[in-house]
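Please consult the sequence and the structure below while reading.

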Amino acid sequence: MKKNRLTDINTSVILAGGNSARLGVDKQLLKFGGKLAAVYVAEKLEAVFDEILIVTNKPELYADVPYKIVSDIYKNKGPLAGIHAGLVNAASSNVFVTACDMPYVSLPYVKMMVNKRKETDSSFFIMAVKWDDGYIEPFNGFYSKCIVEDIEHALENGRHKVNEIFNDKTTFYIRESDLKHLYGYRAIFTNLNRPEDIEKFRKIITSVHQVKINRHKQRGKQKI
């Protein structure tokens, strides 16, 4: 059954990879709940999107997963090249982009973004969160295939930063005030950059899992 019937915004792209000096490992090798980080995020997003793409420089890691696996066309150019690869290979013309090291997936947030993308004029090619201090979040937002050529031009001219493609005329900004009704909304944009970040997230997973077990046990008792 289709979750989001508008094929125009029915794809999510997850960027996997990136060596971290502070972690000393490739982030896509991290595991949560026994699953690779990108797969963990993908399984959450399946509740909203029918097509999930994982962009990786190590496709062999994902040989047995039910998602479309693609690699950068512009090699060693960073996250912007990953967004480019995702857009080129996506079935949808508007794509929700996130990263494997951002595992705090909030389905209420994602659904809110899908609804806002539906309502927003097509002349806006990017939809991104802009904080009150002016910082624009490059991930957990929508990108349109209309900017593929702009990205290629940027990459071919040595401009590799995602924020270089933001333009006030073609970017629709989600304000911080639009997020405050969402519980723990800042965590959605948290990158796991340090060992303590990973440990904290794993504790949260364990805690949530235990809550589910306790609820299941409680329901069992009520049936007796």
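Which residues line the largest cavity? This is a predicted model, in which local features need pLDDT of at least 70 and side-chain atom pairs count only at pLDDT 80 or more, while totals for chains, interfaces and linings use all residues. Residues are numbered from 1 along each chain as its sequence is written, and side-chain values use heavy atoms, with hydrogens and water left out.

The lining of the largest cavity consists of Leu 45, Phe 96, Thr 98, Met 102, Tyr 104, Val 105, Ser 106, Tyr 109, Val 110, Asn 140 and Ile 188. A cavity is a set of points, on a 1 Å grid over the protein atoms alone, where a 1.4 Å probe fits but cannot get out; lining residues have an atom within 4 Å of a point. The largest cavity holds about 60 Å³ of space, a volume being the space filled by probe spheres set on the points. Strand S8 (94–99) and helix H3 (107–119) each supply at least two lining residues; helices (H or I, at least four residues) and strands (E, at least two) are DSSP runs, numbered from the N terminus.

Helix H2 (residues 79–89) packs against helix H4 (residues 148–156) at about 150°, with the axes 10 Å apart. Axes are lines fitted to C-alpha atoms, for helices over the stretch in contact, and angles run from 0 to 180 degrees between N-to-C directions.

The open sheet has seven strands in the order S7-S6-S1-S8-S10-S9-S11, with mixed pairing; two strands pair if DSSP finds at least two bridges between them. Strands S7 (68–70) and S11 (171–175) stand at the edges, each with a single partner strand, so one side of each lacks a neighbour in the sheet. Strand S6 (residues 51–55) runs parallel to S7, joined by three bridges. Ile 54 has Ile 69 in S7 as its bridge partner.

Definitions and conventions
1 Å grid on protein atoms, 1.4 Å probe; cavity = no way out; pocket = protein on both sides within 12 Å on 5 of 7 lines; lining within 4 Å.
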